[in-house]
Amino acid sequence: MTAAARPLLLVDDEGAFRRGVAEYLSGSGFAVTEASTVAEALEQLEGFAFDVVLTDLRLPDGEGTAVLQAARARYPDIVVLVVTGHGSIRAAVEAIRQGAADFVTKPFQLAELDLALGRALERQRLREENTYLREQLRERYRLDQLVGRSAAMQEVFKVVETVAPTTSTILILGETGTGKELVARAIHQLSPRAGEKFVALNCSAIPESLLEAELFGHTKGAFTGAVAARPGRFEVAHRGTLFLDEIGTMPMPLQAKLLRALQQREVERIGEARPIKIDVRVLAATNADLEAMVKAGTFREDLFYRLNVIPVQLPPLRDRRDDVPLLVRDMLQRLGAQAVPPRTDVTFSQEAMRRLMAHDWPGNIRQLENTVERALALSPGRSQIDVSVLPPDVRGDKPGERGVAIALPEQGMDLERELALVERVYITQALARTEQNRSRAADLLGVKRTTLVEKIKRLERMGLGDGLL
């Protein structure tokens, strides 16, 4: 076999035909191994990784599809061509559905075989090239789970890669939904603490009366309901990273205790005077203007400067519109892989992508992901998502011009889930516009606050509440 020869397994029970084809292919750059039965072919496949399999569909001991399935199972990228008679076109089409690259019909000219092989190998080359380019694009324009090719995001990547190996406290700034926790996780993964715990705490999601205990822990009987001693998040994150999200909502008395913990590298559980030494790197994030809060007297100046050692500013999605196609592609791949059955080849039409790029996205990446998930769910069986399934505000509809945007799929639908997905989109937008203020968000949606809270809880029970609670 020469270095350039490609290993090919030829399976056919007609000896003269097989030898003639083998001789021709050997002169066309292939190293041919012959087999006359399914059993012989399977034995050859067990012992060698072929680039190409050319198999008849009718063999003495079974169907050529058994060879096809075995080849594809062992080598998913292998090129398989099937040979069939005039009366077995349907079988050849079924073989293609099972993964065959093409078929040729007996009797055929050797030039036809050349053409079919050439087409199949070229398609394989293009697939490999596209996969390589996608991986290159992914590596070049992503950092951990962060995705972006815009100049603003490349600057974020540069800062993250520079500061991650240090021990400095970092303050991550950005609007709601811009990916602040993703940045924090990327910093942790790129740091010497990557093998230890990453502990996240959303300061706005925990009642003020419980936040201190969550941070610093408590002893048994320290307060009503403290039936057992419990370590706080600082202790849990020992030797790792503690991420404090929405730090601007932390009450002033607790800010003082946090400052002491950062300065002294120790904490005290509620109900216990014994200090506990900690080794924790703290990352904080907020969508609020902390400097303005310092001037207003609602955030401690000394804590602000202790946290703001290295600020990382995340741009809103409206300022990085050229990242939208990259983000959408990444979301489709991830969400499509989770679908049942998986849908990894779905794309948006050019017009739909244009609308996505034109939208301002007040809820930023979180809102975009909700929109992509909704569009995917409302496009069952489609390989391309069109404008009709986008939310009215993303489509650019004027008030009163919404009309009927979708049709009932032939196979039916889960109406409760589809309506819940729509509700989730609007609730996310309302919370984003009001900086997570549920009372104001409820006013925007025209419902009572209690109704909004119940809807959020229902979405959580349905597995759709991520980012809402």
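Predicted model: local features only at pLDDT ≥ 70, side-chain atom pairs only at ≥ 80, totals over all residues.
Close-up 1. Setting aside neighbours within four places in sequence, the residues in contact with Glu373 are Leu335, Arg417, Leu421, Arg424 and Leu464.

**Close-up 2. The largest nonpolar core.** In soluble globular proteins, nonpolar side chains tend to be buried together. Here the largest nonpolar core is made up of 33 residues. Leu215, Phe234, Leu244, Ile247 and Phe299 have the most contacts inside this core. At least two residues each come from several elements, including strand 10 (170-173), helix 8 (208-216), strand 14 (241-245) and helix 12 (301-307). Helix 10 makes the greatest contribution to this core, with five residues.

Close-up 3. Leaving out neighbours within four places in sequence, Phe299 is in contact with Ile247, Gly248, Met252, Gln255, Leu290, Met293, Val294, Phe304 and Leu307.

**Close-up 4. Helix 8 and the residue after it.** Five names make up the buried set of helix 8: Leu211, Ala213, Glu214, Leu215 and Phe216. Gly217 follows helix 8 and has a positive phi, near 85°.

**Close-up 5. Strand 10 and its two partners.** Ile170 and Ile172 point one way from strand 10, while Leu171 and Leu173 point the other way. All four of these residues are buried. Strand 10 runs parallel to strand 17, and four bridges join the two. In strand 17, Ala285 stands opposite Ile172. Strand 10 also pairs with strand 18 (residues 310-313), again in the parallel sense and over four bridges. Ile310 in strand 18 is the bridge partner of Ile170.

**Close-up 6. The second largest pocket.** Rolling a probe the size of a water molecule over the atoms shows where empty space is left. The volume of the second largest pocket is about 350 Å³. Twelve residues line this pocket, and Arg329, Leu332, Gln333, Val346 and Thr347 lie nearest its centre. Helix 13 (324-338) and strand 19 (347-348) each supply at least two residues of the lining. With five residues, helix 13 gives the most to the lining. By type, the lining has six nonpolar, three polar and three charged residues.

Note on methods
Residues numbered from 1 in each chain as written. Heavy atoms only, no water. 1 Å grid on protein atoms, 1.4 Å probe; cavity = no way out; pocket = protein on both sides within 12 Å on 5 of 7 lines; lining within 4 Å. Points joined across faces, edges and corners; volume = space filled by probe spheres on them. Nonpolar A, V, L, I, M, F, W, Y, C, P; charged D, E, K, R; others polar. Contact = heavy atoms within 4.5 Å. Core = buried A, V, L, I, M, F, W, Y, C linked by side-chain atoms within 4.5 Å. Buried < 20%, exposed > 50% of the residue type's maximum accessible area, 1.4 Å probe, protein only. Pairing = 2+ DSSP bridges.
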